[in-house]
Amino acid sequence: MSTPLADTTNPDLGLLYAVNGLAKRSPQWLDHLVSWIGEYGILIGLGMLGLVAWLQARRRPDAPVAVAGLLWVPLSVAIAELANLPIAAIVNRPRPFVDHPGLLVLVDGKAGTHSFVSDHSTMTMGVAVALFLVNRRLGWIAGGLALLQGFCRMFMGVHYPTDVIGGFALAVAVVLLLAPIAMAVLVPFCHALGRTAVAPLIRAPERGGAARGGAGPRERRRGRGRGRGAVRTEEQPPESDLAA
């Protein structure tokens, strides 16, 4: 039985036809490329961003806090996907091509699955928002990939625009509402891990004598040459991007 959300309003359906119409007018190679990007490529790109964020977080002065924020990225996505299960079952919205056969569908295997909310949109926006709390630059890049993901899902003919918007909203709500609770648990956890054998996963190992706080012979000679009145300058720690 179709639910009221299956009878989409004209703006919702109109935007879907406009975006999916681009697929009908595009060469086949471009359709295949967008399909691969929309199914796998963006998720792979987000995984690479997460790896870069982790490598940078280990070198920050607040490394345990930053790594704790990165642990919240996959956890928040998992929670959002679990929250989507009852939502999809209650709404029970069929895929757009079920009620509108005129759409061009670029991927197989979607028949019989729920349309609202978009899993891919939920995952990508969840990663983007959680990553933004740790590293704003990478978060903005991830946000752009999330928007591209939503476009791809409509281009492929497997989601309504409101499916994408619903996925974005669900991800933002889960990440931001539960972040304080998650960080209250994850930060002490990462501090504890930093005192174990897996400490290099939390904080990058220090290199050289200067990194351990000791000055080399040349630096000590320069310090004696300046005298007591010399002004010492210290490198300022990088500004923290962690907003959680």
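How many residues does H5 have, and how far does H5 reach from its first C-alpha to its last? H5 has 14 residues and reaches 20 Å, close to the 20 Å expected at 1.5 Å a residue. This is a predicted model. The protein has 244 residues, and 42% of them count as buried. Its secondary structure comes to 10 helices and 0 strands.

**Overall build**

- From the N terminus on, the elements run α-α-α-α-α-α-α-α-α-α.
- Take the contacts between residues at least 6 apart in sequence: 83% of them join residues at least 24 apart.
- The accessible surface comes to about 13,700 Å². Carbon and sulfur atoms account for 66% of that surface.

**Helix H5**

- H5 covers residues 119-132.
- H5 is mostly covered, with 11 of its 14 residues buried.
- Among the buried residues of H5 are His120, Ser121, Thr122 and Thr124. Met125, Gly126 and Val127 are buried too.
- Leu131 has contacts well beyond its sequence neighbours. Leaving aside those within four places, Leu131 touches Leu49, Ala53, Leu70, Val73, Leu138, Gly139 and Ala142.

**Nonpolar cores**

- In soluble globular proteins, nonpolar side chains tend to be buried together.
- The largest nonpolar core here has 48 residues. Leu70, Trp72, Met125 and Leu131 touch the most other members.
- Six helices each supply at least two residues of this core: H1 (10-25), H2, H3 (63-91), H5, H6 (136-155) and H7 (161-193).
- H7 gives the most to this core, with 10 residues.

**Salt bridges**

- The structure holds 4 salt bridges.
- Glu39 and Arg153 meet through their side chains at 2.6 Å, N to O. Glu39 lies in helix H2 and Arg153 in helix H6, so this pair ties together parts that are 114 residues apart in sequence. Both Glu39 and Arg153 are buried.
- Arg93 and Asp163 form another salt bridge, also listed at 2.6 Å, N to O. This pair links distant parts of the chain, 70 residues apart. Arg93 sits in the loop between H3 and helix H4 (96-99), while Asp163 is in helix H7. Both Arg93 and Asp163 are buried.
- Asp12 joins Arg93 and Asp163 in a network of salt bridges.
- Arg60 and Asp62 meet in a salt bridge at 3.1 Å, N to O. Why does Arg60 count as buried? Its relative accessibility is 12%, and buried means under 20%.

**Surface patch**

- Trp36, Tyr40, Ile44 and Met48 make a nonpolar surface patch of about 480 Å².
- Trp36 is in helix H2, which spans residues 28-57.
- Trp36 is partly exposed, with a relative accessible area of 46%.
- An α-helix has 3.6 residues a turn, so residues three or four places apart point the same way.

**Loop and backbone details**

- Which two residues are joined by a cis peptide bond? They are Phe116 and Val117, with omega at about -5°.
- Val117 lies in the loop between H4 and H5.
- Asn92 has a positive phi of about 55°, although Asn92 is not a glycine.
- Asn92 is in the loop between H3 and H4. Asn92 is partly exposed, with a relative accessible area of 33%.

**Around helix H4**

- Val98 lies in helix H4.
- Val98 counts as partly exposed, at 47% relative accessibility.
- The C-alpha atoms of Val98 and Gly112 are separated by 8.9 Å. The two residues are 14 residues apart along the chain.

Definitions and conventions. Residues are numbered from 1 along each chain as its sequence is written. This is a predicted model: local features need pLDDT of at least 70, side-chain atom pairs count only at pLDDT 80 or more; totals for chains, interfaces and linings use all residues. Side-chain values use heavy atoms; hydrogens and water are left out. Patches are made of residues with over 30% relative accessible area and no salt bridge: like charges are joined within 9 Å, nonpolar side chains (Val, Leu, Ile, Met, Phe, Trp, Tyr) within 5 Å. Accessible areas come from the Shrake-Rupley method with a 1.4 Å probe; for residues, only the protein chains shown count as cover. Helices (H or I, at least four residues) and strands (E, at least two) are DSSP runs, numbered from the N terminus. Buried means under 20% relative accessible area, exposed over 50%, partly exposed in between (1.4 Å probe, protein chains only). A nonpolar core is a set of buried Ala, Val, Leu, Ile, Met, Phe, Trp, Tyr and Cys residues joined through side-chain atoms within 4.5 Å. Contact means heavy atoms within 4.5 Å. The expected span of a helix is 1.5 Å times one less than its number of residues.
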